[in-house]
Amino acid sequence: MLLSLRMAKGTEIEVLNAGSVKLLDHFGSDVDVVNSARVSFASYQTEMDDRAKGLINFLIKNKHATPFEHVTFKFYIKCPIFVAREWFRHRWSSFNEMSMRYYVPEKIDFFYPTQEAIRKQVGKPGSYTFEQIEDVAVFDFVTDSLEKVYKEAESAYYNMIESGIAKEVARSVLPVGQYTEFIWTVNLRSLLNFLSLRNEENAQKEIRQYAEVIENVIYPYVPETMNCFEANNREAI
């Protein structure tokens, strides 16, 4: 369900066991999409009306995409590295990531799945599904295994740092379950593409949870765009 009220900029929304999404800034709204399309006719308006709503639907339905590039959002994201690596494949946006080549955190956060997230892959590559494993013993095995690896990696990392090993070398011992942080600036066209792929049933569960939060966050700023996106099968434009 999409949120109906704007959240204050800087509000941190928790995701997974130690992650978060924070909207730092945004520029533009539905009416900016409309004005970017109508500038061809030297037309400009300050408020949305029924014709403007119809135009947004026309643009999405017919994949006239450039007007959506005039609306942008800037987020602060904290997520596991394995999620970030999928995220960074969306190249039509800008990323700057926290670097442990320069920074030594006082505490390292690691990903732990909930019991509902423990799953097995069923089927062949390219045509498979995932099924939850409800056995509590399996959940305990997974979390115990992760904890053991995380503790050993974290200990090795800090021991190397204390021994004078360069940060850029010491960080290599840490696993992809470690949380990283980055700033993500993205225009609305690219964001719709991201949502069409990542807030979708075939997306990996963990990145989909972030995509769901982001869709909720942006909805109050561009409600007509999001309604038309939904009405047109959530296809990228």
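## A first residue

Is Lys-22 buried, exposed or partly exposed? Lys-22 is partly exposed, at a relative accessible area of 22%. Buried means under 20% relative accessible area, exposed means over 50%, and partly exposed lies in between, with a 1.4 Å probe and protein chains only counted.

The model is predicted, so local features need pLDDT of at least 70 and side-chain atom pairs count only at pLDDT 80 or more, while totals for chains, interfaces and linings use all residues. Residues are numbered from 1 along each chain as its sequence is written, and side-chain values use heavy atoms, with hydrogens and water left out.

## The chain as a whole

The chain contains eight helices and seven strands. These elements are DSSP runs numbered from the N terminus: helices (H or I) have at least four residues and strands (E) at least two. Along the principal axes, the C-alpha atoms fill a box of roughly 65 × 45 × 30 Å.

Of the 237 residues in the chain, 40% are buried. The accessible surface comes to about 13,600 Å², and carbon and sulfur atoms account for 50% of that surface; such areas come from the Shrake-Rupley method with a 1.4 Å probe, and for residues only the protein chains shown count as cover. A contact is defined by heavy atoms within 4.5 Å. Among contacts between residues at least 6 apart in sequence, 71% join residues at least 24 apart.

## Helix α1 and its partners

Helix α1 spans residues 30–38 and is mostly covered, with seven of its nine residues buried. Among them are Val-31, Asn-35 and Ala-37. The buried residues of α1 pack against α2 (50–61), α6 (188–198) and α8 (223–231).

Two packed helices are described by the angle between their axes and the distance between the axes. For α1 and α2, the angle is about 75° and the axes are 10 Å apart. Axes are lines fitted to C-alpha atoms, for helices over the stretch in contact, and angles run from 0 to 180 degrees between N-to-C directions. Angles under 35 degrees count as roughly parallel, over 145 as roughly antiparallel, 65 to 115 as roughly perpendicular and the rest as oblique; α1 and α2 are therefore roughly perpendicular to each other. On the α1 side, the contact is made by Asp-30, Val-33, Val-34, Ala-37 and Arg-38, and on the α2 side by Arg-51, Ala-52, Leu-55, Ile-56 and Leu-59. By class, this contact has seven nonpolar, no polar and three charged residues. Here Ala, Val, Leu, Ile, Met, Phe, Trp, Tyr, Cys and Pro count as nonpolar, Asp, Glu, Lys and Arg as charged, and the others, Gly among them, as polar.

## Helices α6 and α8

Helix α6 is also mostly covered, since eight of its 11 residues are buried. These buried residues include Leu-188, Phe-194 and Arg-198. Their cover includes α1, β3 (72–80), α3 (81–87), β7 (179–187), α7 and α8.

In α8, the buried residues include Glu-224, Met-226 and Phe-229. The buried residues of α8 pack against α1, α2, α6 and α7. Just after α8, Asn-233 takes a positive phi of about 65°.

## Salt bridges

How many salt bridges does a search of the whole structure find? The search finds 14, where a salt bridge is a side-chain nitrogen of Lys or Arg within 4 Å of a carboxyl oxygen of Asp or Glu. One of them joins Lys-22 and Glu-12, whose closest N and O atoms are 4.0 Å apart. Lys-22 lies in strand β2 (residues 19–27) and Glu-12 in strand β1 (residues 12–15), so this pair ties together parts that are 10 residues apart in sequence.

Arg-208 and Glu-212 form a salt bridge at 3.6 Å, N to O. Both residues lie in helix α7 (residues 205–218), four residues apart, which is about one turn of the helix. Arg-208 is partly exposed at 26%, and Glu-212 is partly exposed at 34%. Another salt bridge, at 2.8 Å from N to O, joins Arg-234 and Glu-215. This pair links distant parts of the chain, with Arg-234 in the segment after α8 and Glu-215 in helix α7, 19 residues apart. Both Arg-234 and Glu-215 are buried.
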